[in-house]
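The sequence and the model are shown first.

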Amino acid sequence: MSTESPYAIGEIPLVDHHVHGATAHDLSRTEFEELITESNRPVPGWMTQFDSQVGFAILRHCAPVLGLDPHPDPETYLARRTELGAEEVNRRLLAASGIGHFLVETGYRGDEILDPARMAAVAGRPADEVVRLEAVAERVVTEGTDAAGFAARFEAALWERSRAARGLKTIVAYRHGLDLDPARPAPAEVTQAAGRWLREAERTGTVRVDDPVLLRHLIWTGIDRGLPLQFHIGYGDPDVDLHRSDPLLLRGLIELAEPSGVPLLLLHCYPFHRNAGFLAQVYPNVYFDVGLGVNYTGARSVAVVAESLELAPFAKILFSSDAWGPAELHHLGALLWRRAMTRVLAGFVADGEWSEKQAARVAAMVGAENARRVYGLGESA
Amino acid sequence: MSTESPYAIGEIPLVDHHVHGATAHDLSRTEFEELITESNRPVPGWMTQFDSQVGFAILRHCAPVLGLDPHPDPETYLARRTELGAEEVNRRLLAASGIGHFLVETGYRGDEILDPARMAAVAGRPADEVVRLEAVAERVVTEGTDAAGFAARFEAALWERSRAARGLKTIVAYRHGLDLDPARPAPAEVTQAAGRWLREAERTGTVRVDDPVLLRHLIWTGIDRGLPLQFHIGYGDPDVDLHRSDPLLLRGLIELAEPSGVPLLLLHCYPFHRNAGFLAQVYPNVYFDVGLGVNYTGARSVAVVAESLELAPFAKILFSSDAWGPAELHHLGALLWRRAMTRVLAGFVADGEWSEKQAARVAAMVGAENARRVYGLGESA
Amino acid sequence: MSTESPYAIGEIPLVDHHVHGATAHDLSRTEFEELITESNRPVPGWMTQFDSQVGFAILRHCAPVLGLDPHPDPETYLARRTELGAEEVNRRLLAASGIGHFLVETGYRGDEILDPARMAAVAGRPADEVVRLEAVAERVVTEGTDAAGFAARFEAALWERSRAARGLKTIVAYRHGLDLDPARPAPAEVTQAAGRWLREAERTGTVRVDDPVLLRHLIWTGIDRGLPLQFHIGYGDPDVDLHRSDPLLLRGLIELAEPSGVPLLLLHCYPFHRNAGFLAQVYPNVYFDVGLGVNYTGARSVAVVAESLELAPFAKILFSSDAWGPAELHHLGALLWRRAMTRVLAGFVADGEWSEKQAARVAAMVGAENARRVYGLGESA
């Protein structure tokens, strides 16, 4: 593999520090197309999601893993996928990704996808859990609490739920936006807000935390818990108001959280990844990745990865796929990252700016070592 | 042309879905320089607008169309232009652009430039109209209305004015900013706002709609009209507050307009084109182009076009020149787009990411087919 | 040098229009690492600031100037630095930078670094001063004033302090953010605000101007002074709220200042440099550079420089290093800019977009001539 893989980037046992499970069941064309976009709308009849960077990347890179030539038409690809069956497709795509360790975030439609244990079984590599704060809080309400008891019950549930977890995650970007008061709310405020939430849940039959006081309480309780804390930033599905998802809005919280020593991990960040790089340079507690954006920019992911290698010290950049559902996304997350890093670093070396040794070292740091250090994963197997 | 034009990009009969007329008269150096910048200030004596990307692109690419070698000095170029005369210059530059269909927006200083019929005559290709909402509303006031009658008169005027139009356009970005309440205003609010406007017009002698209630009313009446609706976004002349022209600010309106099925076309978008690509991915009713930014970034337009090919499905990206005035801008809009697409797509193919067939298909979609579908132009001649 | 330096970019006697002094004393490893980042936090034990773009650039480009092979390890580099001593290191790095004229901003920890006269002596090239408005105001308060006398004393001090200066500088971005009322405050407001400031200085023992009324007063007094006025924009240390440092926020001030004819120079601008390019196109009084961002993006500075060559006329773009402290930063500012310009312009020429003559002319404009014109430096020696 040496000619294919300068600086041994192809051999790095990646730590995918933010990923979700693969779907266990076979997918219809409609289901598949709806899972290869961040849109949550039906695909209009006059287009196909295969006509996109991620669609072309699937046809180019996943087809050979399923035994087809590159660039088949979508029908041929999906027919082959069905022929092999979801289990074999998952096995092939996950194994070929070369991912060495999965940190699986389980808070989003977790019952439709493989849980960490099954991910580990299919991929043949360890998989640990990252726990979503909002999901824990919503379960506390679903299982029954009063307003005054909410804070204590949430704390107990979070400690219990995260006993073996490697990290926590917040989706405050989805539920409110990052433009929120960064201060830890007072207990009385939390109780009041919990009361409002319980009455609303009663009235609507829906348990969804979006009150900024409660979201702040979740985050601060998460910081108390002491595990690395992931933030959804930037690009995602249309539930997110992208205008309010710029990581620069987190400045106040970052500074307040700094004495805790808890690592804050900014996920995805596209199209604000340069802003994330700034934060990662100036604040010791900030890290970031360009996860989701790599998959969805496909042939253009080289540019996105290049832009992530500007201000941030190399010890502060991580790899993730943020894949959810089709194992194509897990596979591409790793493959496109490796290709992008290879091209970008080979460019630095060819330009006479970096040494080959530096390129190999930085790739290993970003691909695995930084995550191993932050999440305490020990040495690679 | 095959060696010059991989993927037949040179032969695509482009649909320029947002363009203005060419100037019919000869231009002095001062006039010419003031028309090749988005600045509306006089050109300072210590500089020339030819010392810019668009200036260099004119000297490089338009000079040969006028029978000169590339890169003449500005004096030589303008002398040749004068020698040929505006009519011949227009004829040559428009014909050589290879644009197959013009959608001409007539709302800005329309009496100084060719109207759609004359554009069609000079270029020898069909030209249809796009009607500017604000211009229609201002004419209603100029021709006389009372506040209570404004809404009905505007509706009648818009329907009449757009009988043969292919689309509508709003410049709410110029008149207020995109950060406005997205809701359709109530009739009483519209009447009140119309009253304020009429009194102000009376007092100032100027008829200019910039009240956010009225601007929202125009947009919603435009949506009722049912034609594709273009939005000025981002880069433009200094009348625009660029900080309030980020397309992400349109999120609320996009969601409210979604049930109407009206296509919303985000124009130019520079430097927010990645944000536009996000909106075009997640919302079925959103499309975008990087029109104006291609001309004004000249040799750098390859990068801008590349950045436009990230998140959006390829069925949601269009071509436009947004040229106004000198036919150099119409010519360059097409030429620079073809060059940029050729380079970007050839890069994807050379990298082994796309097939040649995919490259040819996407170029044809973005250059013509998407616009034909959205505006109902039928098959290309 | 001709094969190394197409378009004679290597030979341009650069005007570094915004720079600070070099440190005169030897630096420990800790001190050195803390000076090659914009972070003002201690370097965490698990990382080194050498593992960054600027760190790699130092090892690559400064090592040979100190007589080492490129890419030594940090220990070797710093040992050699100590062996040579600060004076020799400064002399070598400044001379090899080929900078022809320094405009030295003296307002930040000026007692720790070389002043303009000593910079000129070490580098063997002229060095003039740029005076920081906020530093002058703070000295007025330190030296004693009452509220009613503040405005007059500040005016007198500014005129006195800037008698031989080439320009002024404001750090309103650090002290408040660029989102401030652009209007000149009334005298009574200034007196009131000065009173508040004096009482606060009395109470806290700290003299730091951050009241928006006073900051506006400083800026408008600076405009009255009539020298070119530099604005810190965008990227800097974590004192800056980057979210409030977008140059687009200056639109109101730019328009109000336009009649004065005072050139406004937007410094650094990363990651908002495209926004700065827009302002420089549409407003005759706006100029910009990408100074600080070039050093800190190292191997990626080619991309940053390329992005700065989009909308702005070439007469409106300047060069600066914004170096402070280690002379490595002065050296790299020049070297990386020359390399980036060479690559970007060679790309335009190779693509057939620009002539070689155009490339040489634009490089000379951006590197020196524009600054000579704006600051009235006369012809290059």
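Helices (H or I, at least four residues) and strands (E, at least two) are DSSP runs, numbered from the N terminus. This is a predicted model, in which local features need pLDDT of at least 70 and side-chain atom pairs count only at pLDDT 80 or more, while totals for chains, interfaces and linings use all residues. Residues are numbered from 1 along each chain as its sequence is written, chains are lettered from A and ligands numbered from 1 in the order in which they are written, and side-chain values use heavy atoms, with hydrogens and water left out.

**Backbone features**

Most residues other than glycine have a negative phi, and most peptide bonds are trans. Against that background, the peptide bond from Y270(A) to P271(A) is cis, with omega near 0°, and P271(A) itself lies in the loop that runs between β6 (264–268) and α12 (273–282) of chain A. In chain B, Y270(B) and P271(B) are likewise joined by a cis peptide bond, with omega about -5°, and P271(B) sits in the loop between β6 (264–268) and α12 (273–282) of that chain.

| Residue | Phi | Relative accessibility |
|---|---|---|
| H71(A) | near 65° | 25%, partly exposed |
| H268(C) | about 70° | 1%, buried |

H71(A) is found in the loop between α2 (53–65) and α3 (74–84) of chain A, whereas H268(C) belongs to strand β6 (residues 264–268) of chain C.

**A pair of helices in chain A**

Two packed helices are described by the angle between their axes and the distance between the axes. Here axes are lines fitted to C-alpha atoms, for helices over the stretch in contact, and angles run from 0 to 180 degrees between N-to-C directions. On that basis α3(A) packs against helix α4 (residues 86–97) of chain A at an angle of about 105°, with the axes 6 Å apart. α3(A) is therefore roughly perpendicular to α4(A), a term that covers 65 to 115 degrees. With contact taken as heavy atoms within 4.5 Å, R80(A), R81(A) and L84(A) of α3(A) meet E88(A), V89(A) and R92(A) of α4(A). The residues of this contact divide into two nonpolar, no polar and four charged.

**Symmetry and interface**

Copies are superposed by least squares on the C-alpha atoms of residues with pLDDT of at least 70 in both. Chain A is superposed on chain B by a rotation of 120° with 0.0 Å of shift along its axis, at an RMSD of 0.0 Å. That is the relation of a three-fold axis. The copies use different surfaces, since 3% of the contact residues of chain A recur in chain B. Of the residues of chain A, A303(A) comes closest to the rotation axis, at 5.8 Å (C-alpha).

Between chain A and chain B, 38 residues of chain A are in contact with 34 residues of chain B. The two chains bury about 3,200 Å² between them, 55% of it on carbon and sulfur atoms, where buried area is the accessible area (1.4 Å probe) that two parts lose on being put together, summed over both. W46(A), F56(A) and R300(A) supply 21% of the area that chain A buries against chain B, more than any other three residues.

Notes:
Buried means under 20% relative accessible area, exposed over 50%, partly exposed in between (1.4 Å probe, protein chains only). Angles under 35 degrees count as roughly parallel, over 145 as roughly antiparallel, 65 to 115 as roughly perpendicular and the rest as oblique. Ala, Val, Leu, Ile, Met, Phe, Trp, Tyr, Cys and Pro count as nonpolar, Asp, Glu, Lys and Arg as charged, and the others, Gly among them, as polar.
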